[in-house]
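I have a new structure on the screen and a notebook beside me. Time to look things up one by one and jot down what I find.

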Amino acid sequence: MTEPIDCLIVGGGPAGLSAAIYLGRFRRSVILIDAGGSRAAMIPRSHNHPGYPGGIEGPELLRRMRAQAAQFGAQIRKDTVTAITRGDGVFTAATGDGDIQARAVLIATGVVNRRPPIGEAEHDAALQAGLLRYCPICDGYEARGGRIAVLGADGHGVAEALFLRTYSEDVTLLALIETELDAGDRADLDKAGVPVEPRAVSAFRFEGNAVHTVLSDGEERAFDTLYPALGSTGNCELLWPLGVEPNAEECVPTDGHQRLGPDGLYAAGDIVAALDQISVAMGHGAIAATAMHNDLRKIDGKSVD
C-alpha cells in the first residue's frame, strides 16, 4: 500500500483549480479529479471576472488554470469519484482508475442548474448565442435595454425579475405552470413595473436573435433573452456517507476556513452557500487550500499553536 497523498480535490472548476494551484505551491502532494461538469465551462464569455477587461471564455479560463496547477506539481485527472470513506484518519476515494488515499479532501463539485424543458443541442446553442442566460449578476449588463423574460414564478423568480429591472424597463415574469403569487410579491412586481404572464409556457423556440415562448393557448411572445430562475441542485452525494448534509438551499455549511464537520474534510465553490461567482469560488479555493496546508502542518507538529 502506497502512502496517502496530502490532498485530494474533487471538482475541476474555479474553486478546485484555485486550491490545486495553492496546494502545489505549498509543496503538497495533490491530485485533482475532474469529471468535466464545471458550470464555468458553459460560459460563452465572462465580462465581470477581474483582470480580463475584454472578457474571457469559460473553457479558456479553466484551461489556463489547469496549466497553472500542473506547473506547480498538481496532478489533474479526468475521472469520477464515486464514493469517499474515512478510516484511521485517512480518506479513501473510489474512482474509475482505482482508489486514492488522502489525508485531506476538498469537495468542489458545484451545483447543477435546473433547466427548462429544452433539448440539449438547442439549449447549448441558445446559451452560446446569449439568448439563454443563467446568471443575472454575471451578465445582466449584457442584456441591458432588451426584452427580458424570467422563467420561474416563485420567490426566486420574483427576486431575479426585480434584480434585472435595473437593466431594462421591459422585464416579464413567466412560469411553466399556472401559479398564484402571494400579495407581497405581486405588490413588489407591480411597483417595479414587471408584468406577470398568467398563461403557462408550453414550449420554447430560438430563432435568429429572439426567444419565442409558446403559451398554453398557443399564442407566442418574443423576447431578447430568457433567464431561467428555477434554482439549482448541489452535487452533495459524496458528503452524505461522511455525515454532512446540505441545508435548505441544497448547499453545505462550512466554517470560515471552508472546513466541514469531519476533520480533514473541506468544501469550496458553488456547493457552499454563498454568492455563485467565479471570483468567490476562487477565494473559497484559496482559503480551503491554506487551511488544509496549515491543518496538516499542525497534525505533523510543524506549527505553533
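Here are my entries, from the whole chain down to single residues.

**Ground rules.** I am working with a predicted model, where local features need pLDDT of at least 70 and side-chain atom pairs count only at pLDDT 80 or more, while totals for chains, interfaces and linings use all residues. Residues are numbered from 1 along each chain as its sequence is written, and side-chain values use heavy atoms, with hydrogens and water left out.

**Whole chain.** I looked up the secondary structure and got seven helices and 15 strands; helices (H or I, at least four residues) and strands (E, at least two) are DSSP runs, numbered from the N terminus. Along its principal axes, the C-alpha trace spans about 65 × 40 × 35 Å.

Next I checked burial: 46% of the 305 residues are buried. Buried means under 20% relative accessible area, exposed over 50%, and partly exposed in between (1.4 Å probe, protein chains only). For contacts (heavy atoms within 4.5 Å), I took pairs at least 6 apart in sequence, and 58% of them join residues at least 24 apart.

**Second largest pocket.** I noted a volume of about 290 Å³ for the second largest pocket. A pocket is an open set of points on a 1 Å grid over the protein atoms alone where a 1.4 Å probe fits, with protein on both sides within 12 Å along at least five of seven lines; lining residues have an atom within 4 Å of a point. Grid points are joined across faces, edges and corners, and the volume is the space filled by probe spheres set on the points.

Which residues lie nearest the centre of this pocket? They are D263, G264, Y266, D295 and I299, out of 16 lining residues. Helix 7 (278–299) gives the largest share of the lining, four residues. Strand 6 (98–107) and strand 15 (265–267) also supply at least two each. By class I wrote down seven nonpolar, three polar and six charged residues. Here Ala, Val, Leu, Ile, Met, Phe, Trp, Tyr, Cys and Pro count as nonpolar, Asp, Glu, Lys and Arg as charged, and the others, Gly among them, as polar.

**S279.** Helix 7 also holds S279, which counts as partly exposed because its relative accessibility is 41%. Its C-alpha is 8.8 Å from that of A15, 264 residues away along the chain.

**Two positive phi values.** D88 has a phi near 55° and sits in the loop between strand 4 (81–87) and strand 5 (90–95). Q258 has a phi of about 70°, in the loop between strand 14 (232–234) and strand 15. Buried or exposed? D88 is exposed at 83%, whereas Q258 is buried at 5%.

**Two histidines.** H212 is in strand 11 (residues 210–215) and is buried, with 17% relative accessible area. Beyond four places in sequence, H212 touches residues including F204, R205 and E220. H47 is in the loop between strand 2 (30–34) and helix 2 (58–71), partly exposed at 39%. H47 contacts G54, G55 and E142, leaving aside neighbours within four places.
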